[in-house]
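Grab your viewer and work through these exercises. Each one sets a task and then walks through a solution.

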Amino acid sequence: MNQPVDLLHALEHEPELALLVSQPPIAFHRTFVDITQSALAALLLSAYLEQQENALSPDGWFEVNATELEYRTGLSRREQITARKTLLDKHMIQERKCAFPARLEMRIDFDRVSHEILLAARKRTQRSSAPASFSPSSNSSPMATPLARAH
């Protein structure tokens, strides 16, 4: 049987443990799983959304640093590549490579993401017994989320 662990004692004597447990939690928009069919792509899209909201570029492009993303999200480079390919294939992001200095830049296609969210909501409504007063084709604003703010 394993010995009980005294976490407080371990934290006092192992600084690496303190660094590990003090990392912020990773959160992502659950709806992004519905529209990408991938938790990894949803996590990456959420990280990109945060980066784009903080970007200084008026045209929405932001630099992507794989090492920084790995630290923030826990996604390995290979997982980032796979998730990025999913987002590119679904036309939810655009990317460009800048030659000097060499860097990768991204931009979220908010129209596409918003459209996919609306489609997912409509599909969910069709599968469930929605109240008769709800009309998925109404012209009201589909969401009040960070996407709506950023767009």
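**Exercise 1: the sheet**

In what sense do β1 and strand β3 pair, and over how many bridges?

Step 1. First, the ground rules: this is a predicted model, where local features need pLDDT of at least 70, side-chain atom pairs count only at pLDDT 80 or more, and totals for chains, interfaces and linings use all residues. Residues are numbered from 1 along each chain as its sequence is written, and side-chain values use heavy atoms, with hydrogens and water left out.

Step 2. Strands here are DSSP runs of E, at least two residues, and helices are runs of H or I, at least four residues, numbered from the N terminus. Two strands pair if DSSP finds at least two bridges between them.

Step 3. Now look at β3, residues 103–108: its pairing with β1 is antiparallel, over three bridges. In β3, M106 is the bridge partner of F62.

Step 4. β2 also runs antiparallel to β3, and six bridges join the two. I93 sits opposite I108 of β3, and a hairpin of four residues takes β2 into β3.

Step 5. Put together, that's an open sheet of three strands in the order β1-β3-β2. β1 (62–64) and β2 (93–98) are the edge strands, each pairing on one side only.

**Exercise 2: the core**

Step 1. Buried means under 20% relative accessible area, with a 1.4 Å probe and protein chains only.

Step 2. The largest core has 26 residues, and F32, I35, L45, Y48, L87, I108 and V113 have the most contacts inside it.

Step 3. Elements supplying at least two residues each include α3 (31–36), α6 (77–89) and α7 (110–127).

**Exercise 3: the pocket**

Work out what lines the largest pocket.

Step 1. On a 1 Å grid over the protein atoms alone, a pocket is an open set of points where a 1.4 Å probe fits, with protein on both sides within 12 Å along at least five of seven lines; lining residues have an atom within 4 Å of a point.

Step 2. There are 17 lining residues, with P25, I26, A27, E50 and R72 nearest the pocket's centre.

Step 3. α4 (39–54) and α5 (66–73) are the elements that give two or more residues to this lining. α4 has the largest share, six residues.

Methods: Core = buried A, V, L, I, M, F, W, Y, C linked by side-chain atoms within 4.5 Å. Buried < 20%, exposed > 50% of the residue type's maximum accessible area, 1.4 Å probe, protein only.
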